[in-house]
Amino acid sequence: MAIDRYDWHYDTAEEAYRERNGITGELTDEQSDEVCLYAADHIGLFLRWVIENHFEGEESDHDGCELVRSGEISGAKYLLDYCDGKFWDVDICDEIKPFVAEYYESDDKSRPYQYFVDLVAALGEEAIYQTISGDNEYNALKPFIDRAYKGITKQEK
């Protein structure tokens, strides 16, 4: 089951990109690739946390995970290059699936999932679809995810 996919966010990221850069007409391949990174960024930040904490699933690409851990690629780049742009439940270990279901996903479509709320709190509304995150953004968001993980997993016990 797909948890999130960059293509679900591509149109919104493209619209923001065009507005920000005053672009009309066709995007170049380079511009389209950049929009993909904007659309994948929020997913990639969460995937980086998953990988850095060794919570990736058995089917995850070991070499790709090591590139994320070493800082050679971002979580968004991992998502696009190693996961075909799709964040699946097989990309995480069974241990954190309940956490991801409660924190990252939302059964209540009338409210955003808590991860999105924390993302905006850590990085600001303008970061959504407008930032290709690096270490500073990840380090600002990481304590929010850590706190949520500790709180949610404590409730489960």
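**Notes on Glu56 and the enclosed space**

1. Glutamate 56 counts as buried because its relative accessibility is 18% (buried means under 20% relative accessible area, with a 1.4 Å probe and protein chains only). Keep in mind that this is a predicted model, where local features need pLDDT of at least 70, side-chain atom pairs count only at pLDDT 80 or more, and totals for chains, interfaces and linings use all residues. Residues are numbered from 1 along each chain as its sequence is written, and side-chain values use heavy atoms, with hydrogens and water left out.

2. Where does glutamate 56 sit? You'll find glutamate 56 in the loop between α2 and α3 (62-69). Its side chain makes a polar contact with the side chain of arginine 69 at 2.4 Å. Leaving out residues up to four places away in sequence, glutamate 56 touches Val50, Ile51, Cys65, Arg69, Asp91, Ile92 and Cys93 (contact means heavy atoms within 4.5 Å).

3. On to the cavities: the count is 1 cavity of 30 Å³ or more. The largest cavity holds about 40 Å³ of space.

4. Which residues line the largest cavity? They are Tyr38, Asp41, His42, Leu45, Leu119, Leu123, Ala127, Ile128 and Tyr129. The elements giving two or more residues to this lining are α2 (29-52) and α6 (114-123), and α2 supplies the largest share, 4 residues.

5. Sorted by class, the lining of the largest cavity has 7 nonpolar, 1 polar and 1 charged residues. Tyr counts as nonpolar in this scheme and Asp as charged.

Definitions and conventions:
On a 1 Å grid over the protein atoms alone, a cavity is a set of points where a 1.4 Å probe fits but cannot get out, and a pocket is an open set with protein on both sides within 12 Å along at least five of seven lines; lining residues have an atom within 4 Å of a point. Grid points are joined across faces, edges and corners, and a volume is the space filled by probe spheres set on the points. Buried means under 20% relative accessible area, exposed over 50%, partly exposed in between (1.4 Å probe, protein chains only). A polar contact is a pair of N or O atoms within 3.5 Å; within protein, one must be able to donate a hydrogen and the other to accept it, and residues adjacent in sequence count only if both atoms are side-chain atoms.
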